Amino acid sequence: TDYWRENGVIGALALIAPERFNTEIVDLLVDKERKTIPGYAIDAFLESLALRAPDHTTNRSAEIVGHLLSHPQWTDRVWDMVVRVACVPGHALNAEWLHENLGNRILPERDLTWSEWLSGSTTGSKETVVSMLLEWAWHPAAEDTELPDDVAGLATLSLGWMLASSDRRVRDRATKALVRVADRAPYGFAAALERFRNCNDPYV
């Protein structure tokens with residue numbers, strides 16, 4: 001397959017397959033003999049997760065994402081995608097999934113994946129998914145706008161785990177963003193905050 005020529009087709013298939021056929025593109029294009037999946041199929045799968053309706057993400061979607069996290073070459077892309085959909089209610093890879101995944105890791109393992117990825121994510125001129133989430137949650141213009149409790153809860157889980165970063169700039173901005181979320185939706189914030197009670201990370 002000429003990836004560059006077929007890129008649009010592969011991307012469309014990654015969106016259509018879960019909706020029409022209840023299957024993922026990586027399952028359609030897996031080489032069963034070699035037990036390998038083309039990189040372009042994984043790319044299309046990850047990109048599709050942020051474009052789908054939440055009800056077209058499934059346990060299988062989450063299973064694939066969890067598996068990709070065990071492969072260092074995909075770790076950055078996976079965390080990027082997870083943060084992009086973190087505050088989408090009903091999405092299989094939202095902050096509920098993030099909270100469970102990170103909470104089940106021991107501290108050194110989490111530091112090597114999530115915390116390492118967060119480091120430096122708010123510096124420089126390039127906008128990142130982390131800086132966008134922090135800006136969205138903290139921005140003064142949002143202070144008087146309504147924030148649904150379910151979205152506030154997801155934001156709290158996402159921002160709470162950003163406190164695990166060894167990067168003080170990330171932690172400082174996440175703290176400010178959490179204060180703003182608490183002001184806008186105290187019930188949703190408090191309910192999510194309670195879920196960190198037994199967290200094994202001293203920063204969190």
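Helices in this account are DSSP runs of H or I of at least four residues, numbered from the N terminus. By this assignment, Pro 72 is placed in helix H5 of the predicted model. Helix H5 comprises residues 72-84. Pro 72 counts as exposed because its relative accessibility is 70%, the cut-off being over 50%. Between Pro 72 and Arg 173, which lie 101 residues apart along the chain, the C-alpha separation is 27 Å.

The largest pocket was next examined. Its volume is about 220 Å³. Residues lining the largest pocket are Val 26, Ile 37, Ile 42, Arg 60, Glu 63, Ile 64, His 67, Leu 68, His 71, Gln 73 and Trp 74. Two elements, helix H4 (59-68) and helix H5 (72-84), each give two or more residues to this lining. Helix H4 makes the greatest contribution to the lining of the largest pocket, with five residues. Classified by residue type, the lining of the largest pocket consists of six nonpolar, three polar and two charged residues.

The structure contains three aromatic pairs. In one of these, Trp 79 and Trp 114 are arranged edge-to-face, with a centre-to-centre distance of 5.2 Å and an angle of 75° between the planes. This pair connects distant parts of the chain, as Trp 79 belongs to helix H5 and Trp 114 to helix H7 (residues 107-118), 35 residues apart. Trp 79 and Trp 114 are both buried. Trp 114 also forms an aromatic pair with Trp 117; this pair is tilted, with 5.6 Å centre to centre and 35° between the planes. Trp 114 and Trp 117 are separated by about one helical turn, because they stand three residues apart in helix H7. In an α-helix there are 3.6 residues a turn, so residues three or four places apart point the same way. Trp 114 has a relative accessibility of 0% and therefore counts as buried. Trp 117 is likewise buried, since its relative accessible area is 14% and the cut-off is under 20%. Through ring pairs, Trp 79, Trp 114 and Trp 117 are linked into a cluster.

A contact between a charge and a ring is found elsewhere in the chain. Arg 171 is positioned over the face of Tyr 203, at 4.3 Å from the ring centre.

The buried residues of H7 are Arg 110, Thr 113, Trp 114, Ser 115, Trp 117 and Leu 118. These residues lie on the same side of H7, because they cover an arc of only 160° around the axis. On the face of H7 turned away from the buried side, the exposed residues are Pro 108, Leu 112 and Glu 116.

Several individual positions complete the description. Leu 98 is located in helix H6 (residues 95-103). With a relative accessible area of 1%, Leu 98 is buried. Leu 98 and Leu 154 are 56 residues apart along the chain, and their C-alpha atoms are separated by 9.6 Å. In sequence, Ser 48 and Ile 106 are 58 residues apart, and in space they are 30 Å apart, C-alpha to C-alpha.

Two loop positions were characterised as well. Ser 166 is found in the loop that joins helix H9 (149-162) and helix H10 (168-184). The relative accessible area of Ser 166 is 55%, so this residue is exposed. Asn 22 lies in the loop between helix H1 (3-21) and helix H2 (25-28). Its phi is near 55°, a positive value in a residue other than glycine. Asn 22 is exposed, with a relative accessible area of 62%.

Conventions. Residues numbered from 1 in each chain as written. Predicted model: local features only at pLDDT ≥ 70, side-chain atom pairs only at ≥ 80, totals over all residues. Heavy atoms only, no water. Buried < 20%, exposed > 50% of the residue type's maximum accessible area, 1.4 Å probe, protein only. 1 Å grid on protein atoms, 1.4 Å probe; cavity = no way out; pocket = protein on both sides within 12 Å on 5 of 7 lines; lining within 4 Å. Points joined across faces, edges and corners; volume = space filled by probe spheres on them. Nonpolar A, V, L, I, M, F, W, Y, C, P; charged D, E, K, R; others polar. Phe/Tyr/Trp six-rings, centres within 6.5 Å; stacked < 30°, edge-to-face > 60°. Lys NZ or Arg CZ within 6 Å of the ring centre and 35° of its normal. Arc of directions from axis to C-beta.
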